[in-house]
Amino acid sequence: MSDAIDCREARDRLQDYLKEELTPERAREMAAHLERCRHCFSQAKFEESFLLMLRIKSQRTCCPNALKERILAALRAEREPG
Amino acid sequence: MAEPTTAERQFDAEALPHLDALYRVGLRLTGDPSQAEDLVQDTMLKAYRSWRQYRPGTNAKGWLLTILRNTFINDYRRRKLEPIATDLEAIEPHAIYRNIEEADPEGAFFSQIVDEKVLEAVDALPAEFREVLVLSDMEGMSYAEIAEALHIPVGTVKSRLFRGRRLLQAKLYEYAVETGIIPARKGAR
């Protein structure tokens, strides 16, 4: 079976593929291309490392407890009758 | 104290779990922890007051982030006016992948950069790129959700995300070369 898409098309689809926004059919074509093309495969890995890093680094920040308490207090005040 | 009503319980269950995400996005939008705190609190109160407009079961996180972003634009951005890039579409960042595909083809250097530097680089992006990148790549929102929150077409979301990522990668690459995380290319200026 030959590739349904070439490297150029694969580059165009890469962003949507990694965001899981391709149709199943187009995603399958992309996955098949990545299995066959080392160059596109490593470019995809490169983008994945970047995205994973961003996700990990951003998720380390949490809402400070003092702010949570302030918000809960403000909501309680909002709910007080009258 | 009175027992919470059903609506109040629903609000607590659906909205409160997103405080971390709201705070993170607030930080990236304002660039200032105390403004981010005020922004999140204002957002939660607004959300609570208009809770009846929220359809249960729809995307609470997307709805809250939309309120946060609108509040930011209306009440906060004025304080520190950000220059709006006039010709965003003209920004064609260079793909750094070409520079590095031999030395580090799988981008291992990204994870060696300290958190603070990464967040600084995100904060330095043009606002229009930054908000799309934060919602997509830090908070995991889909193209459609981002388009709705920012009132822009999906195509614009995609192209801003593409450019924002490239700009950020270029910045991080530059930093990694400067600090010796990756060796400078032979023959590179």
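Two residues are in contact here if their C-beta atoms, placed from the backbone, lie within 7 Å. Keep that in mind as you click through this predicted model.

**Stop 1: B:L64 and its surroundings**

Select B:L64 to begin. Setting aside neighbours within four places in sequence, B:L64 is in contact with B:A15, B:H18, B:L22, B:T43 and B:A47. In the largest nonpolar core, which has 54 residues, B:L22, B:V40 and B:L64 touch the most other members. Domain 1 (6-76) and domain 2 (88-178) of chain B each give at least three residues to this core. As background, nonpolar side chains tend to be buried together in soluble globular proteins.

Another core lies apart from that one, with 5 residues, including A:A10, A:M30, A:C40 and A:A44.

**Stop 2: chain B as a whole**

Zoom out and show chain B as a cartoon. What pattern does chain B follow along the sequence? Chain B reads α-α-α-α-α-α-α-α-α, with 9 helices and 0 strands. Of its 189 residues, 37% count as buried. Among contacts in chain B between residues at least 6 apart in sequence, 75% join residues at least 24 apart.

**Stop 3**

**Stop 4: where chain B meets chain A**

Bring chain A back into view. The contact between the chains takes 32 residues from chain B and 27 residues from chain A. On the chain B side, helix 2 (19-30), helix 3 (33-49), helix 6 (115-123), helix 7 (127-138) and helix 9 (154-178) each supply at least two residues. Which helix of chain B gives the largest share of this side? Helix 3 of chain B does, with 6 residues. The chain B side divides into 18 nonpolar, 5 polar and 9 charged residues.

**Stop 5: B:F110**

Next, pick B:F110, in the loop between helix 5 (97-100) and helix 6 of chain B. Is B:F110 buried or exposed? B:F110 counts as buried because it has 24 C-beta neighbours inside 10 Å, and the cut-off for buried is 20 or more. Leaving aside neighbours within four places in sequence, B:F110 is in contact with A:S49, A:F50, A:M53 and B:L172. Select B:Q169 too: it is 59 residues from B:F110 along the chain, yet their C-alpha atoms are separated by 8.6 Å.

**Stop 6: a helix pair in chain A**

Finish with helix 1 (residues 7-18) and helix 2 (residues 24-36) of chain A, which pack at an angle of about 115° with their axes 10 Å apart. Their crossing is left-handed. Show side chains for A:A10, A:R13 and A:Y17 in helix 1 of chain A, which meet A:R26, A:A27, A:M30 and A:H33 in helix 2 of chain A. The residues of this contact divide into 4 nonpolar, 1 polar and 2 charged. A:A10 and A:M30 are among the members of the 5-residue core from the first stop.

Key: Residues are numbered from 1 along each chain as its sequence is written. Chains are lettered from A and ligands numbered from 1 in the order in which they are written. This is a predicted model: local features need pLDDT of at least 70, side-chain atom pairs count only at pLDDT 80 or more; totals for chains, interfaces and linings use all residues. Helices (H or I, at least four residues) and strands (E, at least two) are DSSP runs, numbered from the N terminus. A residue is buried if 20 or more other C-beta atoms lie within 10 Å of its own, exposed if 12 or fewer, and partly exposed in between; C-beta atoms are placed from the backbone. Ala, Val, Leu, Ile, Met, Phe, Trp, Tyr, Cys and Pro count as nonpolar, Asp, Glu, Lys and Arg as charged, and the others, Gly among them, as polar. Axes are lines fitted to C-alpha atoms, for helices over the stretch in contact, and angles run from 0 to 180 degrees between N-to-C directions. A crossing is left-handed if the near helix is turned anticlockwise from the far one by less than a right angle, and right-handed if clockwise. A nonpolar core is a set of buried Ala, Val, Leu, Ile, Met, Phe, Trp, Tyr and Cys residues joined through C-beta atoms within 7 Å. Domain bounds come from an automatic or database domain assignment.
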